[in-house]
Amino acid sequence: MTLSETHKVPLLETPIRLQEYIVGIFKTIPTKSGIKKAIKKELVFVDGKLASTALFIRGNETIELFKIEQNSTVKKFIFSIEVLFEDEHLAIIHKPSGILVSGNSFATIDNSLEQNLTKSTLFDAVRPRPVHRLDYPTSGLLLIGKTTSSITLLNQLFEKKNIQKTYHAISIGKMESIGEINSPIDSKNALTHYKTIQTVSSPRFTYLNLVELKPATGRKHQLRKHLLSLGNPILGDKEHCIEELVLKGKGLYLHASSLEFIHPFTNELINIKKELPKKFKKIFPKF
């Protein structure tokens with residue numbers, strides 16, 4: 001374990017919890033979740049003593065961040081991904097279905113980013129990191145931060161709901177042409193706007209719908225749970241489903257099709273779209 005970064009705390013007017021204070025302080029770990037993990041892994045010290053998440057900072061402390069030396073022979077995850085947009089600050093890539101964005105698994109999008117993206121030349125460049133998640137079976141667009149400041153600002157855009165995400169799904173059963181689903185998930189407010197683009201008849205499912213979905217909130221499995229609440233589960237969903245209507249062996253028919261936001265550094269409008277997967281087009285060939 002070697003010392004990575006050091007920070008001297010200025011005099012503070014009011015005490016603040018350590019894990020809140022150091023978000024954005026260290027270049028190598030810019031996110032709140034990353035800081036929590038570093039504290040749990042016993043990599044953060046305050047005035048020479050091991051830090052805890054319960055510690056309050058009052059001023060004049062010295063905070064040290066350590067890192068575990070990596071073995072240069074560590075196996076790399078070789079996985080090619082499609083890059084639809086990239087600059088010095090951020091990137092937008094296509095995540096295939098059937099792979100995790102991040103986590104304890106070796107085979108993740110997170111572990112494949114360095115080999116697929118160009119390292120930023122900016123002063124606060126860090127290892128590229130996803131700034132949001134897509135479920136394992138979901139395909140589509142994923143936003144990546146390449147610097148400490150971009151990861152921080154992109155997270156703020158998500159928190160302020162200034163990033164518009166559009167999904168497409170194939171749902172089962174007859175649906176209204178347009179509507180909204182406003183029902184809580186895990187005791188938290190959740191809102192989804194939907195529009196039925198086309199409906200076709202199906203011998204097994206009676207009807208299948210190509211649906212455009214715009215989540216106004218970002219709860220876990222929100223779109224899957226909301227469509228099930230209407231009685232129109234997503235085709236291929238084995239978790240949020242009507243048991244006798246589960247389609248096996250084809251994966252989940254949910255795709256993150258577009259991202260739109262104002263670039264936090266250039267102020268240009270970013271509007272990236274990714275066409276529907278082939279399995280969607282087998283059911284709805286015109287799209």
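**The overall picture**

Keep in mind that what you are looking at is a predicted model. The chain has 287 residues, and 45% of them count as buried. Its C-alpha trace spans about 70 × 40 × 40 Å along the principal axes. If you go through the secondary structure, you will find six helices and 16 strands.

**A sheet of four strands**

Let's start with an open sheet of four strands, where the order is β1-β6-β3-β4 and the pairing is antiparallel. At the edges sit β1 and β4 (49-50), since each of them pairs on one side only. As a bit of background, strands of a sheet pair through backbone hydrogen bonds, either parallel or antiparallel.

How many bridges join strand β1 to strand β6? There are six, linking residues 2-8 of β1 with residues 62-67 of β6. You can pick out some of the partners yourself: Leu 3 has Phe 66 as its bridge partner in β6, and His 7 has Ile 63. Strand β6 also runs antiparallel to β3, and three bridges join that pair. Here Val 44 has Leu 65 of β6 as its bridge partner.

Now have a look at Leu 18, which belongs to helix α1 (residues 18-21). Is Leu 18 buried or exposed? Its relative accessibility is 0%, so Leu 18 counts as buried. The C-alpha atom of Leu 18 is separated by 5.7 Å from that of Leu 55, although the two are 37 residues apart along the chain.

Lys 41 tells another story. This lysine lies in the loop between α2 (32-40) and β3 (44-46). With a relative accessible area of 56%, Lys 41 is exposed, because the cut-off for that label is over 50%.

**Pairs of opposite charge**

Side chains of opposite charge can pair when their charged atoms come close. The count for this model comes to 10 salt bridges. Here are three of them:

| Salt bridge | N to O distance |
|---|---|
| Asp 110 and Arg 127 | 3.3 Å |
| Lys 225 and Asp 186 | 3.9 Å |
| Glu 275 and Lys 281 | 3.4 Å |

Take the salt bridge of Asp 110 and Arg 127. Asp 110 lies in the loop between β8 (90-95) and α3 (113-116), while Arg 127 is in strand β9 (residues 125-130), so the pair ties together parts that are 17 residues apart in sequence. Asp 110 counts as buried, at 7% relative accessibility, whereas Arg 127 is partly exposed at 32%.

Next comes the salt bridge of Lys 225 and Asp 186. Lys 225 is in helix α5 (residues 222-229) and Asp 186 is in the loop between β12 (178-182) and β13 (191-202), so this pair ties together parts that are 39 residues apart in sequence. Lys 225 is partly exposed at 27% relative accessibility, and Asp 186 is exposed, with a relative accessible area of 58%.

In the pair of Glu 275 and Lys 281, Glu 275 is exposed, with a relative accessible area of 53%, and Lys 281 is partly exposed at 27% relative accessibility.

How values were computed: Residues are numbered from 1 along each chain as its sequence is written. This is a predicted model: local features need pLDDT of at least 70, side-chain atom pairs count only at pLDDT 80 or more; totals for chains, interfaces and linings use all residues. Side-chain values use heavy atoms; hydrogens and water are left out. Helices (H or I, at least four residues) and strands (E, at least two) are DSSP runs, numbered from the N terminus. Buried means under 20% relative accessible area, exposed over 50%, partly exposed in between (1.4 Å probe, protein chains only). Two strands pair if DSSP finds at least two bridges between them. A salt bridge is a side-chain nitrogen of Lys or Arg within 4 Å of a carboxyl oxygen of Asp or Glu.
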